[in-house]
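Welcome! Here is a short briefing on charged side chains that pair up. Take a look at the structure first, then read on.

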Amino acid sequence: MSATRDTAQAADLLTWYDRHARELPWRVSPAARAAGVRPDPYRVWMSEIMLQQTTVAAVKSYFEAFTTRWPTVSDLAAAEDADVMAAWAGLGYYARARNLLKCARAVADEHGGVFPQTLDGLRALPGIGPYTAAAVAAIAFDLPETVVDGNVERVMARLHDEHLPLPQSKPVLTDYAAALTPQERPGDYAQAVMDLGATICTPRNPACGLCPWRSACAAWDRGTQAELPKKAPKKRKPTRHGIAYLVKRVDGAWLLERRPDSGLLGGMLGWPGSEWSEEAPADAPPIRAEWKTLNAEARHTFTHFHLRLTVKTALVPMERTPARGAFVEAEVFDAGDLPTVMRKAFALTSP
C-alpha cells in the first residue's frame, strides 16, 4: 500500500469521525479539539485503564464518579487505598485499581503531578503497558503513535483480509495499523479507528454500507468480513470451588477480610473463605460458630476459570473473636463496596 493511499485513507476516516464521533465523558470532541481544546492526560489515562477488558457502557458511571471525587492525578494519589478499592468494586480486574494508585503516586511524586509527554516516559510509569502508553501519547499529546485495541485489530484484519488467527496475527495487524497512522491529527485518528470498530465494523453484522473504508476493504471485496478476525480455539476454562463464610454479629456487624495485595481481587474487602481449587475445598471457618450451608452457590467467571462458592452463614454473639478478619459495623457496611463475586454471595443471604 502506498504512502499516498495511506494518507488518503486516514483523511477519509477523519472526515467520517468529524461527523460521527461518539460523545464520551473523557473525550474532547473533534470540533472542540480543532478550536484548541486539549485533552486532559489524567482523564485520558483514567479512561484507558478503566476500559481495559471492560465495555464503554460499564465504565461511564465509574469514570464520572472517580473524576468527580478525585478531579486531578494528585487528588487520586493522596486518596486512601481502601477508598479507591471500594470505589472500583464491581468494575473487575482489580489489579488495575492497584496499578492506578501506583501510577498516580508516581506522577505526583516523581513528575510534579504532570504526566510525561513522551512514549518512553509514559512506559516508565507503573501499570502502563505498550497499549496504554501509545493511547495516552496519541490522544492526550497528539503524538503519531500506533494505538491497537480489539476494535483496531478487527478493522485491520478485515481491511487487509488477514486470515492469520489472533493472537498470532497481532504483530501483523499492528504493522498494518502503523502504516495508516497519520502525522496530522493522530489523536483524533486513533479514536476514529476505535469508533469505526465499535459502531460500524462490529464483531457481528458489520454495517459495511456505512463504512468510510469500504472501497479499500479487501474483506468486503471478497465477502469474508464475517469470518474475521479469526481466533485460535479457546482452551476450556476449569471450574474451581471454594467456601465463603458470611458471619453476622448480633448487633448487625459483618465479618470481612482484606485479601492479599497479590492475586485475584487483591487488596479488596471480602468474605473470609477457603482456598479456591479444582478439588473439594477444605473447610476453614474464620470463627467458632454454628454454620448453616445455603442451598444455592455463588457462581462467577473470571478470565481463566469459573468459580463456584459454597456459602455458609452464621450468627455470633458480641464477645466472639474471629481468628481472621474484622467486624465492620452495620452502619458502615455497604455490600456495594465488595467485588462482584462477594456481592453475589451476600445476595444469597437475603430472604
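**Salt bridges in this model**

At 29% relative accessibility, Arg 185 counts as partly exposed; buried means under 20% relative accessible area, exposed over 50%, and partly exposed in between (1.4 Å probe, protein chains only). This is a predicted model, in which local features need pLDDT of at least 70 and side-chain atom pairs count only at pLDDT 80 or more, while totals for chains, interfaces and linings use all residues. Residues are numbered from 1 along each chain as its sequence is written, and side-chain values use heavy atoms, with hydrogens and water left out.

**The count**
- A salt bridge is a side-chain nitrogen of Lys or Arg within 4 Å of a carboxyl oxygen of Asp or Glu, and this rule gives 16 salt bridges.

- Arg 185 forms a salt bridge with Asp 188, at 2.9 Å from N to O.

**Arg 249 and Asp 251**
- The closest N and O atoms of this salt bridge are 2.9 Å apart.
- Arg 249 is buried at 11% relative accessible area, whereas Asp 251 is partly exposed at 34%.

**Glu 257 and Arg 324**
- These two side chains meet in a salt bridge of 3.0 Å, N to O.
- Glu 257 lies in strand β2 (residues 254–258) and Arg 324 in the loop between β5 (306–316) and β6 (326–328), so the pair ties together parts that are 67 residues apart in sequence; strands (E, at least two residues) are DSSP runs, numbered from the N terminus.
- Arg 324 is partly exposed, with 24% relative accessible area.

Definitions and conventions. Helices (H or I, at least four residues) and strands (E, at least two) are DSSP runs, numbered from the N terminus.
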